[in-house]
Amino acid sequence: MIKVIQLKWRQLWHGDSPGFILMLINSMTGFLTVIPIFYVIIQAIQAGLSRWQRLLDNRIPDLLGKTLSLMVAVTIIAVVLGVSLAFLLVRTDLPFKKLLSWLVAIPLVIPPYVGAVAYILVLGPSGFIKQIWDHLSGNQGSLSTYPINIFSFLGVAFVLAMFTYPYVYLLTVSALKKMNRNFEEAAASMGMGAGRTFLKVTLPLLRPAIGSGAILVALYVLSDFGAVSMMRYVTFTAAIYFQRVGFDMSSASVLSLVLVLLTLLLLTFDSATKRSKHYVQTGNSFRRPNVMALGRWKALALFYVILIVLIGVIIPVVILIRWSIVGIVNGALDQRFFRFAWNSMSVSSIAALVCMVLAMPIVYMKLRYPSIISRTLDRMAYTGYALPGMIIGLGFVALFNQYVPWLYGTVVVIVLAFVVRFLPQALQAGEAALTQIGPQMDEASRSLGYSPMKTLFKVILPNMLPGILSGGALVFVSAMKELPITLMLRPPGFDTLAVRVYFEAQEAVYYLAAPGALIMILISILPLNYMINKY
Amino acid sequence: MQDIIIHNMTKTYPGNSEPALKNFNLHIQAGTIVSLLGPSGCGKSTILRLVAGFERADTGTIQLGDTVVSDRHIWTPAEKRGVGMVFQDYALFPHLNVYQNIGFGYKGTDCHSRIQEVIELVNLKGLENRFPNALSGGQQQRVALARALTRRPVVVLMDEPFSSLDEELRMQMRIEIKRIIKESGTTAIFVTHDQKDAITISDQVVVMDHGMIQQVGSPRDIYQSPENLFVANFVGRTNLLRGVVHRERGTVETVIGELPIGHIHHDHGEAKVHVSLRPEGLFLDPNGPIIGCIINYTYMGSSIDAEIQVRGTDQILLTHMHSDQPFQVGDLVHFDIMSGYVSVFT
């Protein structure tokens with residue numbers, strides 16, 4: 001009997017099984033990452049029929065309409081912006097291409113709620129555009145005829161699109177760069193003009209890339225909390241937060257479950273399209289696509305790209321600098337500010353450290369002991385990647401409130417939730433690093449007399465370390481920017497920079513919000529090059 | 001006795017129905033270089049991995065020197081076997097320099113002098129502080145071999161060591177690696193699918209197919225006296241004929257006439273046998289008994305590959321001629337046969 005189990009166990013691992021400690025650590029990580037979400041789902045199911053009925057009658061249809069319409073609008077704008085910019089910056093003779101293609105990618109790393117603050121400062125009721133308008137029209141105060149309302153559907157869609165289009169842009173750029181010139185030349189040789197070639201050949205070949213980009217944008221819209229709530233637009237995440245603030249955990253869970261289902265739907269759709277639309281580009285006669293001369297359209301194209309850079313990067317940064325100066329003059333950088341900064345830094349560094357430590361054994365087991373078990377644990381560890389942070393926050397609130405009350409309301413819970421949310425970033429970096437060191441490295445070390453344990457420390461870790469460290473840096477930056485989880489889980493009095501930016505902006509104390517927002521942007525730009533290469 | 005004995009070994013990979021190795025037996029004498037030659041998937045790499053301790057056999061025994069390292073009860077892990085391994089892509093540790101790579105795992109008190117000794121053996125003096133990414137392909141291979149030799153292993157295992165080198169470097173490194181291994185006095189097993197590698201470097205060649213040994217012998221035996229169709233076809237090019245053996249005369253009767261026999265395998269007295277006649281076994285001789293017409297002629301620079309249709313038959317024979325021969329397609333030529341290139345098997 002035991003023999004049979006042993007045999008099955010070894011078959012499962014295709015030979016050697018990993019050590020007990022490795023299994024134990026990874027199982028614990030795997031369960032940490034899924035339990036909060038499972039708990040939310042269980043709570044939602046147990047919420048009771050009447051509550052479901054009530055929410056399904058009113059709240060959910062309303063939220064679905066608002067969320068989905070926003071998602072569609074943002075995705076469309078982002079696709080138009082991303083594809084047009086990618087094409088102009090890869091396939092045409094636009095001047096300053098190198099600098100511009102770097103600049104248009106920057107919005108990727110600016111957290112949209114920071115962007116929202118900036119646009120409220122530009123276009124909002126106390127923004128400088130309004131001041132100019134009032135000055136020109138002569139009507140002021142309650143007589144103002146200022147037509148732009150940033151706190152509207154279009155305002156939210158515009159802000160979100162401006163900070164998510166880089167997903168589409170970067171994926172399209174890399175697809176364009178990989179595209180073989182032969183296809184277009186084949187089309188040309190069959191008598192197709194440039195325009196028709198673009199529609200019939202180029203665009204269809206780009207479809208998988210544009211599709212993945214669009215889905216990333218849509219997923220982001222589902223998960224965003226900061227920007228939408230700052231602009232007073234209520235989607236699922238914001239509704240969950242307000243239910244939680246009103247201590248209606250059951251309703252919050254029900255809404256979360258709907259949001260989880262929406263996210264899963266999108267992810268399934270994504271993997272289904274990826275499977276069916278897998279184009280193979282012939283490898284061995286690759287030639288870089290040719291560059292199109294823009295001719296008399298060059299000035300217009302350049303104007304368009306520069307306009308996007310102005311709107312997406314330069315205006316927000318300049319306006320934040322201006323308000324930061326106002327803030328600093330008025331004493332915004334006081335002791336409180338530095339305490340928030342310190343809180344942000346410490347929580348983020350601890351989360352980064354924990355992520356690095358936990359990522360290594362998971363990646364190691366996945367690549368060195370491939371089996372259904374190691375793959376499942378790896379997948380589990382990725383749970384936090386796709387799901388909105390708000391749901392992870394809610395899961396931790398519910399779980400720790402119920403079962404581990406002595407930890408609830410401490411920084412530990414924030415760190416754990418950050419780990420669940422950002423561990424995938426460390427995993428990706430670690431996996432990329434370990435893939436570079438093939439299993440022959442282990443075997444070489446073993447054949448030279450080093451035990452598996454010693455091999456790990458003498459060969460694997462030194463080579464994995466740079467990758468793991470860059471993963472840790474990514475986690476750190478993401479954690480610095482994180483808003484919803486911190487909002488949900490922070491102990492009383494424990495504010496981070498992100499939380500302060502959110503509250504000051506909500507209360508329209510912009511000169512206090514600006515310095516923090518500016519710091520967020522500066523920190524976020526650090527890993528930009530890494531992010532660009534990733535997509 | 002530092003011989004390596006593999007006895008009755010069978011290995012089936014999980015998920016495969018066909019075993020990668022079937023009842024494999026091999027006795028390797030200390031100090032020899034043995035190559036395992038065969039097409040991909042013939043089980044040659046499996047032997048290497050089993051001897052190194054990276055895989056575990058289903059049945060069978062492996063004995064390195066006086067110690068059994070693997071059988072039904074015993075299993076010595078890779079790190080305790082004292083086996084040196086040179087990997088196909090060398091697997092040099094990218095975070096260590098040449099000196100540290102070569103010294104990796106050596107724990108003797110003569111550490112420094114031993115590393116120096118090995119560095120000199122493989123001609124890498126002056127490159128001690130380089131990192132692997134700053135070395136050429138040939139240098140990387142020297143480091144890999146040196147690293148495997150430092151601990152004075154019972155046996156050095158080499159997995160397709162030449163496959164990532166270009167042709168020129170490959171020829172140099174074959175000679176060089178043979179010299180290094182012979183100078184160090186180590187036993188070596190190496191795996192290749194390239195017959196030139198196997199023939200030039202080894203004392204013994206083991207030709208394998210489908211997890212079984214097809215023939216074991218010196219490079220000359222394998223080339224000149226193949227013992228079955230697989231070996232005759234896989235190693236080099238050959239002319240295959242059918243024939244009947246005349247035992248008393250030591251000849252074989254074929255469609256092109258009666259040929260002298262160089263080697264006969266499995267003499268069961270069957271009527272019909274296979275005859276392998278290597279192209280080198282045919283030489284121009286104005287008085288030779290075989291007359292044929294040149295039907296195809298390829299000038300190769302160093303020699304001429306010619307196809308000859310033997311007169312009175314439709315048998316076509318491949319032969320090599322000196323590149324100075326002024327023949328043309330359609331010319332009649334006379335040949336004689338060297339018996340050393342005629343091998344007969346069933």
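I started with one pair: Leu282(B) has Ile337(B) as its bridge partner in β20(B). Before going on, I noted that this is a predicted model, where local features need pLDDT of at least 70, side-chain atom pairs count only at pLDDT 80 or more, and totals for chains, interfaces and linings use all residues. Residues are numbered from 1 along each chain as its sequence is written, chains are lettered from A and ligands numbered from 1 in the order in which they are written, and side-chain values use heavy atoms, with hydrogens and water left out.

**Entry 1: the sheet around that pair**

I looked up the strands next. β16(B) and β20 (residues 332-337) of chain B pair in the antiparallel sense over 3 bridges. Two strands count as paired if DSSP finds at least two bridges between them. Strands are DSSP runs (E, at least two residues) and helices are too (H or I, at least four), numbered from the N terminus.

The whole thing is an open sheet of 5 strands in chain B, ordered β16-β20-β17-β18-β19, with antiparallel pairing. At its edges I found β16 (282-284) and β19 (316-322) of chain B, each pairing on one side only. Neighbouring strands here are turned by 50° against each other on average, direction ignored.

I then followed β18 (residues 303-310) of chain B, which 7 bridges join to β19(B), the two running antiparallel. One bridge partner I wrote down is Met321(B) in β19(B), which goes with Ile304(B). The hairpin of these two strands, β18(B) and β19(B), has 5 residues between the strands, and Gly312(B) takes a positive phi near 85° there.

**Entry 2: the other sheet**

Chain B also has an open sheet of 6 strands, in the order β6-β7-β8-β3-β9-β10, with mixed pairing. β6 (83-86) and β10 (212-217) of chain B each have a single partner strand, so one side of each is left without a neighbour in the sheet. From one strand to the next, the twist averages 20°.

Inside it, β3 (residues 33-37) and β9 (residues 204-209) of chain B pair in the parallel sense over 4 bridges. I checked Leu37(B), and its bridge partner in β9(B) is Val207(B).

Helix α1 (residues 44-52) of chain B lies across β3, β6, β7, β8 and β9 of chain B, at about 145° to β7(B). That angle is taken between N-to-C directions (0 to 180 degrees) of lines fitted to C-alpha atoms, for helices over the stretch in contact.

**Entry 3: where chains A and B touch**

How many residues does the contact take from each chain? I got 19 from chain A and 21 from chain B, contact meaning heavy atoms within 4.5 Å. The two chains bury about 1,800 Å² between them, 61% of it on carbon and sulfur atoms. Buried area is the accessible area (1.4 Å probe) that two parts lose on being put together, summed over both. In chain A, Glu443(A), Ser447(A) and Leu448(A) lose the most area to chain B, together 33% of what that side buries.

I counted 2 salt bridges between the chains, a salt bridge being a side-chain nitrogen of Lys or Arg within 4 Å of a carboxyl oxygen of Asp or Glu. Arg446(A) and Glu79(B) meet in a salt bridge at 2.5 Å, N to O. On the side of chain A that touches chain B, α19 (439-447) and α20 (452-481) of chain A each supply at least two residues, and α19(A) gives the most, with 7 residues.
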